[in-house]
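Hi,

Here is the model I said I would pass on.

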Amino acid sequence: MKSYWGIFKMEFKGELQYRAKALSGIATQLFWGLLQIYLYTAFLNSGSVDGFSISQMVSYIWLGQAFFALRYVTMPKRVGKEIVNGNVCYKFVRPINIYNQWYVEGIGQKFAATLLRFLPIIVIGFLLPGNLSLSLPVSVGAFFLFLFGLILGLLMSHAFAMLAVYLTFKTLSEKGSIGIVSAIVNMFGGLFIPLPLLPQALQDVLKYLPFSFITDLPLRIYIGNVGIVDGLVLMAIGVVWLIAIIAIGKLLIGGALKKTVVQGG
Amino acid sequence: MASIIKFENICKNFKVPQKAEGRFKMIKNFFCRKHRIIEALKDVSFSIQEGEIVGYIGPNGAGKSTTIKIMSGILTPTSGTCVIDGLVPWQNRKTFVKNIGVVFGQRSQLWWDVPVIDSFELLKDIYKIPDDKYKETLQLLNSALNIEDLLGRPLRQLSLGQKMKCELAASLLHRPKILFLDEPTIGLDAITKLAVRDFIKYINKEWGTTIILTTHDMNDIEALTNKIILIGKGRILYQGSFEKIKEKYSDEKTIEVEFAKDYNKVSLAGYKVIEHNLRFATLKTLPNTKFHTTDFINQISKKYEVVDFQVSSLSVDEILAKLYKEYEL
């Protein structure tokens with residue numbers, strides 16, 4: 001366990017060094033958040049969606065932007081490169097499970113990236129006037145469940161990223177692999193379009209699929225779109241999904257590692 | 001002494017897709033690929049005793065790195081058995097790698113954007129090294145490799161030689177029984193090279209670490225190893241002491257002669273003239289000539305007026321080049 005904690009700390013520290021990256025991330029997220037708010041306000045004003053008011057939508061978007069680094073499925077840094085250039089061989093000569101090592105690395109990076117970015121966006125979100133303002137959570141219970149949901153989301157988002165790592169082993173193309181996985185996950189996880197805006201029939205299916213646990217569920221709990229009891233039930237389903245996706249990832253990557261050929265010097 | 005590494009009849013084949021030439025063949029190839037089997041290692045057997053420093057040499061593409069990778073558990077051989085320190089590397093990977101250290105000269109095992117010492121601390125956690133032992137080892141590595149000042153700096157700010165010293169230290173923090181060095185001196189300047197060599201010798205002597213190194217720098221081999229294994233085209237061609245090989249070629253001498261006056265033609269029985277330019281000539285012993293200085297002086301001074309001459313044996317590089325040629329590598 002100590003070694004995983006060490007890896008986590010290492011990646012956390014490494015990520016903290018990239019402050020300019022975080023700043024530009026914050027700027028992008030603010031701009032993008034405003035854009036989305038204006039766009040969806042226009043939509044909602046010309047019709048209505050059950051149980052999703054404009055102020056809820058605004059909060060949903062601000063929180064989504066604040067935790068963008070957490071919800072956006074990305075490859076753990078370096079892993080793709082390591083696989084393509086063969087540095088991955090050093091992973092083999094450590095007395096530690098390779099999947100776990102990568103998993104923890106990615107979590108550390110994402111955690112640090114999120115920590116560097118979320119606060120300014122939340123603060124600005126609260127300070128914005130009237131229709132653009134982020135609201136408080138519906139209840140204290142909802143707030144804590146929201147926090148717990150974010151942790152589940154972080155673990156889930158990275159479990160998906162590990163599937164992209166597997167694909168990279170197969171295709172040797174980091175960009176292509178993460179492209180496929182993130183397109184699916186981000187679409188059905190509410191990153192492009194908030195899930196409450198999708199047709200009800202689709203929503204009914206999506207809420208049981210693993211993608212929505214990444215951030216859609218915690219955000220909905222925060223704004224009161226999903227009640228606490230429902231939230232708890234769904235989260236239990238989420239935990240089962242998480243275990244399943246990690247297990248699948250471990251199986252696939254374990255198989256790929258056996259066949260790995262590290263070429264050259 | 002017991003043998004710590006046993007390699008028996010190891011073969012390793014790689015399956016690689018075959019490239020086809022021509023437009024239509026390329027299209028055909030896209031749908032149905034033909035594969036070609038490359039035999040990287042053919043029936044390789046050797047054993048290494050505990051505490052030895054073994055040089056593993058051979059021309060590019062001979063299978064050196066493949067062997068190192070099999071020994072360190074990264075690759076699984078196609079057939080054959082390999083037992084290292086009582087374990088099969090690719091079967092009990094996690095237990096096995098606790099006792100080995102690896103440096104791939106062209107890759108890095110340290111974290112890029114954090115100070116080197118942080119990487120060391122992490123390796124300490126990964127290998128579960130007790131605090132006191134870690135401190136002791138680190139101090140020893142610091143003084144032997146002179147890296148104390150580098151440890152606080154991020155890896156990306158270090159030069160190649162500084163990096164290599166840190167890599168070496170990183171691979172030794174857990175005091176492995178066996179150390180694999182894949183081209184450890186590649187790209188290093190003279191001083192660093194010497195420091196690294198001294199250090200390797202020191203570790204071997206102090207800790208009794210068994211060391212296997214591949215290199216193209218024959219001076220490494222000469223300075224470090226008790227034994228060499230020569231591999232070419234996937235086969236073991238020679239194993240034994242390097243001295244023996246050197247002896248075999250020690251009769252071959254090159255003599256540079258300076259004459260007192262200009263000669264238009266130079267010839268000497270038992271020698272071949274490689275170069276001749278009036279006052280200067282370079283001679284080489286013919287295969288059957290046994291070089292003896294007194295005889296040579298007598299012989300040459302009868303014919304020519306000699307001011308000075310200089311005898312040199314084959315350099316290690318030349319010996320190796322000859323060896324490769326002999327085995328048609």
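**A serine in chain A, then a helix, then the interface**

A:Ser59 touches A:Leu134, A:Ser135 and A:Ile223, leaving aside residues up to four places away in sequence; touching, or contact, means heavy atoms within 4.5 Å. Before going on, please note that this is a predicted model, where local features need pLDDT of at least 70 and side-chain atom pairs count only at pLDDT 80 or more, while totals for chains, interfaces and linings use all residues. Residues are numbered from 1 along each chain as its sequence is written, chains are lettered from A and ligands numbered from 1 in the order in which they are written, and side-chain values use heavy atoms, with hydrogens and water left out.

Back to A:Ser59, which sits in helix H3 (residues 54–66) of chain A. Helices (H or I, at least four residues) and strands (E, at least two) are DSSP runs, numbered from the N terminus. Is this serine buried or exposed? A:Ser59 is buried, at a relative accessible area of 1%. The cut-offs are under 20% for buried and over 50% for exposed, with partly exposed in between (1.4 Å probe, protein chains only). Its side chain also reaches the backbone nitrogen of A:Ser135 at 3.0 Å.

Buried residues in H12(A) include A:Gly231, A:Gly238, A:Ile245 and A:Leu257. The buried residues of this helix pack against helices H6 (89–92), H7 (98–127), H8 (140–171) and H11 (216–223) of chain A.

Now for the two chains together. In all, 32 residues of chain B are in contact with 30 residues of chain A. About 2900 Å² is buried between them, 55% of it from carbon and sulfur atoms; buried area is the accessible area (1.4 Å probe) that two parts lose on being put together, summed over both. B:Ile74, B:Arg107 and B:Ile126 supply 22% of the area that chain B buries against chain A, more than any other three residues.

There are 2 salt bridges between chain B and chain A, meaning a side-chain nitrogen of Lys or Arg within 4 Å of a carboxyl oxygen of Asp or Glu. One of them joins B:Asp125 and A:Lys2 (3.7 Å, N to O).

Cheers

Technical notes. A polar contact is a pair of N or O atoms within 3.5 Å; within protein, one must be able to donate a hydrogen and the other to accept it, and residues adjacent in sequence count only if both atoms are side-chain atoms.
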